Amino acid sequence: MMLSICLVSCSSARPFYHSRSLQSFSQSPRICTRFLRSLRAYGVPTGTEYVPVQSGEAPADRRCNYAGIQLDEIVCIESGKVRLDSWIASRIIGISRARVQSSIRSGLVSVNGRLIDKVSHVLRAGDKVSCTISELQPLRAQAENLPLDIVYEDDHLIVLNKPAHMVVHPAPGNATGTLVNGILHHCSLPTVPFSDREELLQREDIYEEDEFSSFLVDQNSTEGIRPNVHEGNVRPGIVHRLDKGTSGLLVVAKNEHSHAHLSEQFKQHTIHRVYISLTCGVPSPISGRIDIPIGRDLNNRVRMTAVLGPKSSQHARNAASRYKVIEILAGGGCALVEWRLETGRTHQIRAHSKYMGIPLLGDEVYGGTKSMAMSLLRPRTSTSYQGQLSQLVSALERPCLHALALRFKHPHTREMIQFSCPPPADFSEVLNQLRQIGREKV
């Protein structure tokens, strides 16, 4: 079947564009009596449907708050083993893995009659799993009326153009002014203020992709919140992240079904993301694939690094990036480089570019310092340009990295939709100045 593609550019998109093709869908009439009884027992409206996954059955669209749903099944796997959180998520259609993890940590899951609170507990064939899904709690963050550059929005998701210097979600030291704070206000969601001493986010290695996250708060950390609050259909779900200094496109799920579907696309690497950067120097060769594991830098805990030795020594994870030089700038002093990620590790592009010897322009943490940039550019730049170029480079306060394009399957309509957004002024001004000095298209 042909999938239509919708291309939306930031320069032409209306702030609150709604597609008529993206409307609410009717629920399937099939209902499993056993689980319907569980829903009634926990006060969930019987119009909300839960259908367990049957062998060979393709997942279907489901809308459900999930709170109170009970699962009692015997693990049936042909061979090997599987994580507890992953297996439960596979048995309840549309639920997010972070929601399952919250239920496990809340003491609502047992295996063979023994309470299990470890999300990575290993299941084997024949294990009996009993699970009750926990209540969905409001986010522990304060709604703020912040300017949001919304490229696209409908009932299921929001695509935003994140400015540089905005943090995606609250964390100790960044309790306010984040993208999540703005989304909470935009969606008019109930919130709970917190102090800086509180741990604001339960970071989950969902699908073992550092960049992908779900802003779902653990039930155990929501003291004082009424236990019967149900916000499953409106809470914003951060599906993936951008670094504070990175600008560009980011998709946010508006409900749990959309979050689960988008997260699965990230897991399967079917969401296409294109980044552009300005690098100090030109990569050689001018296009290629970097497949080097990334781990925490033992000498600098805020930095990641390429790990060439045993991955276990630094808890490194596989990381693969494809790059292509678009333009050679200023006689080879810089380059405009396109990146496509196969994995989503923390600081992946920044760490891989440093490994290649071409750190991102303006990336002080990974070696793309202003002094390094000018040492490459001055010998290649006439004196008439040096003053203005030095001023522009000195004014950079972040890595020149921008999330240019995003393409994915809509979680409701199943249509492929695509968005693009040009880089902001700080990136564009430096790029234009470098082009005036010298430009060679590749």
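Visitor: In which sense do strands β12 and β18 (residues 401-409) pair, and over how many bridges?
Guide: The model is predicted: local features need pLDDT of at least 70, side-chain atom pairs count only at pLDDT 80 or more, and totals for chains, interfaces and linings use all residues. Residues are numbered from 1 along each chain as its sequence is written, and side-chain values use heavy atoms, without hydrogens and water. Helices (H or I, at least four residues) and strands (E, at least two) are DSSP runs numbered from the N terminus, and two strands pair if DSSP finds at least two bridges between them. For β12 and β18 the sense is antiparallel, over 6 bridges.

Visitor: Which residue in the turn of the β16 and β17 hairpin has a positive phi?
Guide: Strand β16 (residues 320-329) is joined to β17 by 8 bridges, and the strands run antiparallel. Ser-321 stands opposite Leu-341 in β17. The hairpin has 4 residues between its strands, and the one with a positive phi, about 50°, is Ala-330.

Visitor: Which residue in β20 does Glu-327 stand opposite?
Guide: β16 is joined by 5 bridges to strand β13 (residues 287-291), which runs antiparallel to it, and Arg-289 stands opposite Arg-322 there. With strand β20 (residues 439-441), β16 pairs in the antiparallel sense over 3 bridges. The residue opposite Glu-327 in β20 is Lys-441.

Visitor: How far apart in space are Leu-329 and Leu-434, C-alpha to C-alpha?
Guide: Leu-329 lies in β16 and is buried, with a relative accessible area of 0%. Contact means heavy atoms within 4.5 Å; leaving aside neighbours within four places in sequence, the contacts of Leu-329 include Leu-278, Leu-336, Leu-431 and Leu-434. Leu-329 and Leu-434 are 105 residues apart in sequence, while the C-alpha distance is 5.8 Å.

Visitor: Why are α8 and α9 described as roughly antiparallel?
Guide: Axes are lines fitted to C-alpha atoms, for helices over the stretch in contact, and angles run from 0 to 180 degrees between N-to-C directions. Angles under 35 degrees count as roughly parallel, over 145 as roughly antiparallel, 65 to 115 as roughly perpendicular and the rest as oblique. The axes of α8 (residues 383-395) and α9 (residues 425-437) come within 10 Å and cross at roughly 155°. The pair is therefore roughly antiparallel.

Visitor: Which residues of α8 meet α9?
Guide: On the α9 side the residues are Glu-429, Val-430, Gln-433, Leu-434, Gln-436 and Ile-437. By class (Ala, Val, Leu, Ile, Met, Phe, Trp, Tyr, Cys and Pro nonpolar; Asp, Glu, Lys and Arg charged; the others, Gly among them, polar), the contact has 6 nonpolar, 3 polar and 1 charged residues. On the α8 side they are Tyr-385, Gln-388, Leu-389 and Leu-392.

Visitor: How is the orientation of α2 to α3 classed?
Guide: The axes of α2 and α3 (residues 97-105) are 9 Å apart, and the helices pack at an angle of about 120°. That makes the orientation of α2 to α3 oblique.

Visitor: Which strands are at the edges of the open sheet of 4 strands?
Guide: The order is β2-β7-β4-β5, with antiparallel pairing. Two of these strands pair on one side only, and they are β2 (70-74) and β5 (114-115).

Visitor: Which strands of that sheet does helix α2 (residues 84-91) touch?
Guide: β2 and β7 (residues 128-132) run antiparallel, joined by 5 bridges, and Asp-72 has Ser-130 as its partner in β7. α2 packs on the sheet, its direction making about 110° with that of β2, and the strands touched are β2, β4 (109-111) and β7.

How values were computed
Buried < 20%, exposed > 50% of the residue type's maximum accessible area, 1.4 Å probe, protein only.
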